[in-house]
Amino acid sequence: MGRIQGVQIKGTRNGLVIMLNPARTFDELKESLLRQLEQARDFFKGAHVTFYNGPTEIPAEHREELLRIVARYGLIYTDNITYPSAVRPAERSSTATPSGAICLKKRQQVLPPIPPEPAALPDMAEPALLLNRSLRAGQAVKTESHLVITGDVHPGAQVSAGGSIVVLGHLAGRAAAGLYGNRTAVVVAGRLAPVALSIAGISATPPAKTLVAAKAMLEGDKIVYRSFYR
């Protein structure tokens, strides 16, 4: 069975909403939050964040512990985050909402129920961390699973994964795949031009020029580059 996710981090125009699954114990929620923040260390740094626990109020001692966790990773707590759309002006003066839903402060709006828990992964599928953005210089992302980035990895940024790394845009930073000895891991990019690249602890000489639609993979104890056009 796939692992049940206790925490989901949702992005909004004004910041992040950490959605807590009320079906999980607080220890499970902490473990899930710490794991996700650690995997994206420094990626969320400086972002504003709030918590959503459905219709249930978060106990004060739990809230304090959650605040310490997000502060440790450089996040800034605020009540002034709206998600996903504002309610009508006539409703903003009231905190009562249907079906026990809650409203956040400022441009109050009803948060949707927490989505259904994900089903088990199908046969042959493997978990991956998906980032729908680019990484700038000074940013780093690390995950124990595969890593998929829909944007670019700019020079000065670093990506690391226990499995493979797939960058749909330009990979021009540092990339380390197969962190825990996974020799089948590959590094794939729409434009492959890393300043440093390694797989399973084996370092490669960066390609002499930018490779289009290419991947890096291990052959024996050497990393080779292959184009998908060949």
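This report describes the fold, helix packing and selected residues of a predicted protein model.

## Overall composition

The protein contains two helices and 15 strands. Of its 230 residues, 42% count as buried. Among contacts in the protein with a separation of 6 or more, 36% are made by residues 24 or more positions apart.

An open sheet is built from four strands in the order β1-β2-β3-β4, with mixed pairing. Its edge strands, β1 (7-11) and β4 (76-77), each pair on one side only. Strand β2, residues 16-20, is joined to β1 by five bridges in the antiparallel sense. Within this pairing, V7 stands opposite L20 of β2.

Helix α1, residues 26-39, packs on the sheet and touches β1 and β2. The direction of α1 makes about 45 degrees with that of β1. Helix α2, residues 60-72, lies across β2, β3 (48-52) and β4, and runs at about 150 degrees to β3.

The two helices also pack against each other. Their axes are 11 Å apart, and the angle between α1 and α2 is about 10 degrees. Angles under 35 degrees count as roughly parallel, and α1 is therefore described as roughly parallel to α2. On the α1 side, the contact is made by F26, K30, L33, L34 and L37. On the α2 side, H62, E65, L66, I69, V70 and R72 take part.

The structure holds one aromatic pair. The ring centres of F51 and Y77 are 5.6 Å apart and the ring planes meet at 25 degrees, so the pair is stacked. The reasoning rests on a cut-off: planes under 30 degrees apart count as stacked. Because F51 lies in strand β3 and Y77 in strand β4, the pair ties together parts that are 26 residues apart in sequence. F51 is buried, with a relative accessible area of 5%, whereas Y77 counts as partly exposed at 27%.

V70 is found in helix α2 and is buried, with a relative accessible area of 1%. Setting aside residues up to four places away in sequence, V70 touches I18, L33, V49, F51 and L75. One of these, F51, is a member of the stacked pair, and L33 belongs to the α1 side of the helix contact. V70 and L37 are 33 residues apart in sequence, while their C-alpha atoms are 8.1 Å apart in space.

G15 is found in the loop between β1 and β2. This glycine is buried, with a relative accessible area of 12%. Residues up to four places away in sequence not being counted, G15 touches K10, H48 and I81. The C-alpha atoms of G15 and G46 are separated by 9.8 Å, although the two residues are 31 positions apart along the chain.

| Residue | Relative accessible area | Class |
|---|---|---|
| V70 | 1% | buried |
| F51 | 5% | buried |
| G15 | 12% | buried |
| Y77 | 27% | partly exposed |

## The largest nonpolar core

In soluble globular proteins, nonpolar side chains tend to be buried together. In this model the largest nonpolar core has 48 residues. The residues with the most contacts inside this core are L147, I165, V187 and I199. Helix α1 gives the most to the core, with four residues.

Apart from residues up to four places away in sequence, I199 touches A177, N182, A185, V186, V187, A216, M217, L218 and I223.

Notes. Residues are numbered from 1 along each chain as its sequence is written. This is a predicted model: local features need pLDDT of at least 70, side-chain atom pairs count only at pLDDT 80 or more; totals for chains, interfaces and linings use all residues. Side-chain values use heavy atoms; hydrogens and water are left out. Two strands pair if DSSP finds at least two bridges between them. Contact means heavy atoms within 4.5 Å. Axes are lines fitted to C-alpha atoms, for helices over the stretch in contact, and angles run from 0 to 180 degrees between N-to-C directions. A nonpolar core is a set of buried Ala, Val, Leu, Ile, Met, Phe, Trp, Tyr and Cys residues joined through side-chain atoms within 4.5 Å. Buried means under 20% relative accessible area, exposed over 50%, partly exposed in between (1.4 Å probe, protein chains only). Rings of Phe, Tyr and Trp (its six-membered ring) pair if their centres lie within 6.5 Å; planes under 30 degrees apart count as stacked, over 60 as edge-to-face and the rest as tilted. Angles under 35 degrees count as roughly parallel, over 145 as roughly antiparallel, 65 to 115 as roughly perpendicular and the rest as oblique.
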